[in-house]
Amino acid sequence: MELTLADLEIGDVAVIDSFDVEKLPMKLIEMGCLPGNSVGLLQVAPSKDPLYINISGSFLAIRRETALEIIVRK
Amino acid sequence: MSKNINVALIGNPNTGKSSVFNHLTGLNQKTGNYPGITVEKKQGVCRLPRGVKARILDLPGTYSLNASSLDENVVVELLLNKNDKDFPDVAVVVSDVENLKRNLLLFTQIKDLNIPTILVINMSDRMRRKGISIDVQKMEEFLHAKVVLVSARKNEGIDVLKQHITAYKSISTQPCVSIAQIDQAYFSSLESTFPNQSLYKLWLVITQDVNFARVERKKMAAQDANHMRSPSFLKRLQQKETIKRYQFINSVLKECYKKDSAKATDLRSKLDRVLTHKVWGFVVFFVVLLTIFQALYDWSSVPMDFIDASFAQLSDWAKVNLPSWLAPNLIAEGVIPGLGGIVIFVPQIAMLFLFIAILEETGYMSRVVFITDRVMRRFGLSGKSVVPLISGTACAIPAIMATRNIENWKERLITILVTPFTTCSARLPVYLILISLIIPNERILGANMQGLVLMLFYLLGFAMALLAAFVLHKTMPTNQTSYFVVEMPNYRIPLLKNIIITIVEKTKSFVLEAGKIILAISILLWVLASNGPGEAFKNASEIVAAQEHVTDANFNQKLSAYKLEHSYLGRVGKGIEPLIQPLGYDWKIGIAIVSSFAAREVFVGTLATIYNVGDSEEETIKNRMAAETYADGTPVFTLASGLSLMVFYAFAMQCMSTLAIVRKETNSWRWPAVQLVVMTGVAYLGALVTFQYFSL
């Protein structure tokens, strides 16, 4: 099973491995969501949705459905 | 010849762009709308050395030139259109020292449009604390642009920025990234189809989101369908472009930007641990809301009573002292009470804008978006709908304008449609005056009962908005996947100057806009109330004199009551009386309701005008309402009729300006028509049920 951003625990830091470019909003990619960049999970709202993340220095909130599309490695 | 320099201020949201704008222009600014759409357009004038003037245009915050919302689209449209009268001679890109890397992405895009560009690195006062150092000179060489360190907070660097703007002609227009290197084959073929045109501009036109139905894109597609590849092909290229840009940015930052992360103190994570917490986050949010509503009621009653009393006095003074050619009756009975009905709002509106500005400026609003998104989604809304719904407590018009950063059309439309249910400040005077009439000023469990009822009505508004959203969500088709990417900005202490400017500007525009309508309606009402059709009005004094129980002492009072009843206005009120009687209203309230369909805030002013015409005793509006009785002596304003009236105002769509803004935002009369009919229907039924229940 591949590890996705949604599988991380609060406080974890990982590296973005890959994603299907069509399934992510352009805005997220422009905010630094690119393969090789680091991503940390800072906080989650109830039901782990949305997620509060730090992608290579950008602090963002994204929904779980989007996080499930981003494959990461620890 | 001295020409005005056109300056465009561009930057990511949360970079302090408006602080820089406020520093450059002071109060020398005006806000309007872009033609056809309601994206706010902020412009100002800045005086530069040697008598040169600059017109500063504060463009909406944008993360990139690949627009994904209406706001961002405004920026792209302007920058692509050289013939626009606002097309900038020089672009000032405002960035935040802590997010420089991401902010530079937008900078490189602007630079590639061959516009002379100045990079402002704002919040430089935070550099030392965050252990950041920047080699400005080196950076200027790498970026082929001017770079200024600015601290809007400490007013540093603004003069240097002004000098650079003055000397904009000497700034290089060399691009940062050559777009052609992303895909040689694609771009060289594009170049041969459109020789002598900027490749990057062509590329931007090709990739503009089709949602915005850009004319230029269609024109180009007709000319050359070859390069309009599939969205996935284009998106892949866009990703490659983004990677190229970040490679360039990283190579620049490596040379001239150093961060000693050991020095970074972290306020953000400490506060976020509480404010975005699953439980504590909600607790804090409710405490914040509760504080705001209690404060609104407690703090504003003193200035409001003062304003109410002052206008009553002014009215009496005018009646006695104005020369007859100024029509003292019209002024004392129509204009002054009407204006009083709007000025009385000012304390509350200003206070609401104060709270909203603080929530926005501190960065707390984004945390609210984060914790509420999941809940709101159940109702077909998004966390981003919370900001419009909360702003709706000030006024639905800016609130509906604030929906434009919701990318998903369905979520945005639902937010627009339900926002008018939230309790806007125009309902507040109606509530306040009715609550003070029908609810005792007592404490229950330590809380002021009147304040509690007021909060109840705010909650009722929100509940109705959510219910309506849920119904719409279930009945409207979904045709677009929803994207949700929200920046969580750093926490900041708000700048006093920004907050004051926001309050002054927003309150001023609200009062002026609403004031115009209210003034017109007050005059119209007075004329309609002072004139009437036929013999019954013309021979009023003879008819009244012939009535029974008329003495010299009560003749004048009887006469004016008779006149009002037989005036044009009275006939309208009498005409709708059968319709509103089941709700517990008499024909005078009926008149107030009818005129409120222009704008709710007219209610108090209208009653003031009507009662003043009916009775010229010098009393405040409130006392006058309390004394109002039916012919049999029972009071008009009881618990049942008061609550029923409040419910009616809570739900009814009584605001022409809101309807106009919804028309603009949705680009069709269909949605405002739906709002008018459905909301007013709900209001009628709600008021009917309330009155019948409480009269039992």
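Predicted model: local features only at pLDDT ≥ 70, side-chain atom pairs only at ≥ 80, totals over all residues.
Trainee: What does A:R63 pair with?

Mentor: A:R63 forms a salt bridge with B:D373, and the closest N and O atoms are 2.9 Å apart. That pair crosses between chains. A:R63 sits in the loop between β4 (58-62) and α2 (64-67) of chain A, while B:D373 belongs to helix α15 (residues 364-378) of chain B.

Trainee: Are A:R63 and B:D373 buried or exposed?

Mentor: Both A:R63 and B:D373 are buried.

Trainee: And which residue of chain B forms a salt bridge with B:D373?

Mentor: B:R377 does, with 2.8 Å between the closest N and O atoms. Both residues lie in helix α15 of chain B, four residues apart, which is about one turn of the helix. B:R377 is buried, as is B:D373.

Trainee: Which residues end up in one network through shared partners?

Mentor: Salt bridges that share partners join A:D49, A:R63, B:D373, B:R377 and B:E411.

Trainee: Staying with salt bridges, what does B:R367 meet?

Mentor: The side chain of B:R367 meets that of B:D272 in a salt bridge, at 2.9 Å from N to O. B:R367 is in helix α15 of chain B and B:D272 is in helix α11 of chain B, so the pair ties together parts that are 95 residues apart in sequence.

Trainee: Why is B:R367 called buried?

Mentor: Because its relative accessible area is 0%, and buried means under 20%. B:D272 is buried too, with a relative accessible area of 4%.

Trainee: Where does B:V274 lie?

Mentor: B:V274 is in helix α11 (residues 267-275) of chain B. B:V274 counts as partly exposed because its relative accessibility is 40%.

Trainee: Helix packing next. At roughly what angle do α7 and α8 of chain B cross?

Mentor: The axes of α7 (residues 184-193) and α8 (residues 199-207) of chain B cross at roughly 100 degrees and come within 11 Å. The two helices are therefore roughly perpendicular to each other.

Trainee: Which residues meet there?

Mentor: From α7(B), B:Y186, B:F187, B:L190 and B:E191 meet B:L199, B:L202, B:W203 and B:I206 from α8(B).

Trainee: What about α18 and α30 of chain B, at roughly what angle do they cross?

Mentor: Their axes cross at roughly 170 degrees and come within 11 Å, with α18 at residues 409-418 and α30 at residues 656-666. α18(B) and α30(B) are therefore roughly antiparallel to each other. In α18(B), B:W409, B:R412, B:L413 and B:I416 meet B:V662, B:E665 and B:T666 in α30(B).

Trainee: Some single residues, then. Is B:L79 buried or exposed?

Mentor: B:L79 is buried, with a relative accessible area of 1%. B:L79 is found in helix α2 (residues 70-80) of chain B.

Trainee: What is B:L79 in contact with, leaving aside neighbours within four places in sequence?

Mentor: Its contacts on that basis are B:I10, B:L65, B:F87, B:P88, B:I110, B:L113, B:I115 and B:K201.

Trainee: How many Å apart are B:L79 and B:I307?

Mentor: They are 48 Å apart, C-alpha to C-alpha, and 228 residues apart in sequence.

Trainee: Where is B:S644 found?

Mentor: B:S644 is in helix α29 (residues 639-651) of chain B. At 0% relative accessibility, B:S644 counts as buried. Leaving aside neighbours within four places in sequence, B:S644 is in contact with B:L583, B:Y585, B:A687, B:T690 and B:F691.

Trainee: Last one. Where is B:T551?

Mentor: B:T551 is in the loop between α23 (540-546) and α24 (555-565) of chain B. B:T551 counts as partly exposed at 42% relative accessibility. From B:T551 to B:F233 the C-alpha distance is 91 Å, and the two are 318 residues apart in sequence.

Key:
Residues numbered from 1 in each chain as written. Chains lettered and ligands numbered in written order. Heavy atoms only, no water. Buried < 20%, exposed > 50% of the residue type's maximum accessible area, 1.4 Å probe, protein only. Contact = heavy atoms within 4.5 Å. Axes fitted to C-alpha atoms, helices over the stretch in contact; angles between N-to-C directions. Parallel < 35°, antiparallel > 145°, perpendicular 65-115°, else oblique. Salt bridge = Lys/Arg side-chain N within 4 Å of Asp/Glu carboxyl O.
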